[in-house]
Amino acid sequence: MTDAITQAVQKLYNTYPFPPDPITDGPPPGYNWRWSVPAAHHFTLGWIPKQWPALQILDAGCGTGVGTDYLAHLNPTATVIGIDLSEAALATAQQRVERSGVAQRVTLRQMSLLDVHQLSQQFHYINCVGVLHHLPDPKAGLRALAAVLAPGGLMHVFVYGFWGRWEIRLLQKAIRLLQPPGADYRTGVAIGRQLLAHLPPDNRLVRRERERWALDNVHDATFADMYVHPHEIDYTVETLFDLIADTGLEFLGFSNPRYWQLERLLSPMPELLAAARALPPQQQYELVEALDPELTHFEFFLGRPPLQRWQGALEQMIPVRSTCLTGWPGRSLLDYDYQPVDLTPLEYDILSQATGDLTVAELLSRVPSATPEHIRDLQQRQLLWLQA
Ligand SMILES: C[S@@+](CC[C@H](N)C(=O)[O-])C[C@H]1O[C@@H](n2cnc3c(N)ncnc32)[C@H](O)[C@@H]1O
């Protein structure tokens with residue numbers, strides 16, 4: 001690890017380990033379904049296996065271990081390896097997993113994800129959040145991860161978006177111009193905070209910070225990660241698909257599908273909506289990005305072929321209630337994405353029976369007014385998973 005960019009990135013995260021979330025005793029609060037392997041598998045491929053292999057999970061660029069901790073708790077039999085460049089971040093991650101009670105299943109290693117082949121193992125699930133865009137060559141990073149993803153394995157990736165970070169890039173530039181040569185990151189944070197405190201309140205950079213980021217940025221670590229980073233690459237839909245091309249990985253969809261719905265923007269204009277639907281998928285994404293350039297990051301799933309999508313007969317599948325529901329048992333729930341759901345009495349009855357010991361055919365005979373369409377609808381809304 002000799003290049004100047006990587007050294008500067010390591011120094012930033014040794015100065016300001018990220019994320020700065022406090023360490024608490026016991027399991028982390030709530031869930032992020034993207035860190036539940038069954039939830040991610042069902043979302044991307046439409047089914048989950050009845051028997052899982054002994055799951056091996058990699059958190060590539062784990063920082064202070066917030067995601068690592070969730071990965072261990074949401075996948076209670078999995079073994080998790082977290083790797084990072086920053087020894088300070090890893091020290092916090094170690095404390096976090098010890099205090100939360102999963103340290104026996106979590107190993108933390110100081111290494112670059114470019115060297116991940118040295119672990120000599122393959123992973124069923126790789127989480128790489130907020131990391132690739134800080135590499136000198138993100139594609140080399142993605143290739144290194146692809147090489148250790150098991151066939152049929154899934155990867156969850158988060159990288160920055162270009163259009164929604166317009167103001168961030170400008171303040172980054174202003175701080176770079178104003179700081180003395182060789183200044184450390186703390187000086188950059190002080191300059192950035194001074195600018196945001198004293199520029200006119202209706203200044204666009206100040207407004208964006210106030211409306212969008214101020215709550216997170218009370219922490220200097222978050223502020224530094226945003227405004228004084230030594231190296232970041234922001235992606236558009238086009239450059240994102242360039243990043244993924246030729247890695248041998250298949251794009252399996254964005255993990256925030258609501259944002260990408262054409263209807264959200266075009267439903268009052270049926271002819272334009274029809275024209276948009278006729279576009280190839282990447283161009284549909286480019287259109288949404290062009291019409292709603294708020295997006296600050298891309299969050300998506302990749303898979304290593306061969307990938308088995310659900311094709312079987314519905315009747316023989318085993319329906320299982322999603323484990324990512326808040327408020328169950330009850331008819332008013334939050335779904336996997338923390339969106340409110342009001343179940344009909346029939347939907348509630350179906351979910352009550354979906355405990356993993358009946359086939360769809362058996363469940364339909366126990367709940368006579370239920371139909372295969374009800375099951376499919378609950379499945380598409382990710383309230384119910386289908387197991388095979
Ligand atoms: C923004 S933080 C994200 C931390 C964590 N993934 C999260 O989302 O909370 C980026 C992390 O990636 C690490 N990192 C950057 N380049 C890396 C590399 N080549 N190999 C491993 N880790 C790297 C940094 O040290 C830092 O801890």
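Which loop holds Pro 329? Pro 329 sits in the loop between β8 (318-321) and β9 (332-334), and Figure 4 comes back to it. Before the views, some ground rules. This is a predicted model, where local features need pLDDT of at least 70 and side-chain atom pairs count only at pLDDT 80 or more, while totals for chains, interfaces and linings use all residues. Residues are numbered from 1 along each chain as its sequence is written, and side-chain values use heavy atoms, with hydrogens and water left out.

Figure 1. Asp 84 brings a polar side-chain atom to 2.5 Å from an oxygen atom of the ligand. The side chain of Ser 112 has an N or O atom 3.2 Å from a ligand nitrogen atom. With Val 129, a polar backbone atom lies 2.9 Å from a nitrogen atom of the ligand. On its own the ligand has 590 Å² of accessible area, and the protein covers 93% of that (Shrake-Rupley method, 1.4 Å probe; for residues, only the protein chains shown count as cover).

**Figure 2. Strands β4 and β5, side by side.** Strands here are DSSP runs of E with at least two residues, helices are runs of H or I with at least four, and both are numbered from the N terminus. Strand β4 (residues 123-129) pairs with β5 in the parallel sense over six bridges; pairing takes at least two DSSP bridges. Ten of the twelve residues of β5 (residues 149-160) are buried (buried is under 20% relative accessible area, exposed over 50%, partly exposed in between, with a 1.4 Å probe and protein chains only).

**Figure 3. Two cis peptide bonds.** Most peptide bonds are trans, so what follows is worth a look. Phe 18 and Pro 19 are joined by a cis peptide bond with omega about -5°. Pro 19 belongs to the loop between α1 (4-15) and α2 (37-45). Another cis bond links Trp 328 and Pro 329, with omega about 0°.

**Figure 4. Two residues with positive phi.** Most residues other than glycine have a negative phi. Ser 120, in the loop between β3 (106-110) and β4, has a positive phi near 50°. Ser 120 counts as exposed because its relative accessible area is 65%. Tyr 338 has a positive phi of about 60° and lies in the loop between β9 and β10 (340-342). At 37% relative accessibility, Tyr 338 is partly exposed.

Notes: A polar contact is a pair of N or O atoms within 3.5 Å; within protein, one must be able to donate a hydrogen and the other to accept it, and residues adjacent in sequence count only if both atoms are side-chain atoms.
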